[in-house]
Amino acid sequence: ILAKVADVGLGPQTPSQQRGHQRRAKHIVELDRLAYSSSREYRYETGLVRVRRHDPIVYGKGEMLLGAKGGSVAAGVFGDLLLE
């Protein structure tokens, strides 16, 4: 249900309420995915990044997951992009 809310919202609500619910649900789902992919088994360096020039009216999801195999060149490059 949480992933569905992240994608389409909860049902009858105002547009701003829907975007808020989607944003919160998506954040929870993404944090879970980050934890899973950065586990010892997979050894990915992961983070959550904000999409630049994002308009929440057009698209309610302004963050994305970013990951690269630990120790790779890509993992070293995206460090500056991660949210604090």
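## The loop at Gly-9

Gly-9 sits in the loop that joins helix H1 (2–8) to helix H2 (15–37); helices (H or I, at least four residues) and strands (E, at least two) are DSSP runs numbered from the N terminus. This is a predicted model, in which local features need pLDDT of at least 70 and side-chain atom pairs count only at pLDDT 80 or more, while totals for chains, interfaces and linings use all residues. Residues are numbered from 1 along each chain as its sequence is written, and side-chain values use heavy atoms, with hydrogens and water left out.

With a relative accessible area of 10%, Gly-9 is buried; the classes are buried (under 20% relative accessible area), exposed (over 50%) and partly exposed in between, with a 1.4 Å probe and protein chains only. When residues up to four places away in sequence are not counted, Gly-9 touches Lys-4, Gln-18 and Gln-22, a contact being heavy atoms within 4.5 Å. Gly-9 and Arg-24 are 15 residues apart in sequence, and their C-alpha atoms are 10 Å apart in space.

## Helix H2 and its packing

Helix H2 has 23 residues and spans 32 Å from its first C-alpha to its last, close to the 33 Å expected at 1.5 Å a residue. That expected span is 1.5 Å times one less than the number of residues.

The buried residues of H2 include Arg-19, Gly-20, Ala-25, Val-29 and Leu-34. The buried residues of this helix pack against H1, E1 and strand E2 (63–69).

## The salt bridge

A search of the whole structure finds 1 salt bridge, defined as a side-chain nitrogen of Lys or Arg within 4 Å of a carboxyl oxygen of Asp or Glu. The side chains of Lys-26 and Glu-30 meet in a salt bridge at 2.1 Å, N to O. Both Lys-26 and Glu-30 are buried. Because they are 4 residues apart in helix H2, Lys-26 and Glu-30 are separated by about one helical turn.

## The tyrosine patch

Tyr-36, Tyr-42 and Tyr-44 make a nonpolar surface patch of about 310 Å². Patches are made of residues with over 30% relative accessible area and no salt bridge, joining like charges within 9 Å and nonpolar side chains (Val, Leu, Ile, Met, Phe, Trp, Tyr) within 5 Å; accessible areas come from the Shrake-Rupley method with a 1.4 Å probe, and for residues only the protein chains shown count as cover.

Tyr-44 belongs to strand E1 (residues 44–50). Its relative accessibility is 34%, so Tyr-44 counts as partly exposed.

## Val-77 in helix H3

Val-77 lies in helix H3 (residues 73–77) and is exposed, with a relative accessible area of 58%. Val-77 and Glu-41 are 36 residues apart along the chain, and 22 Å separates their C-alpha atoms.
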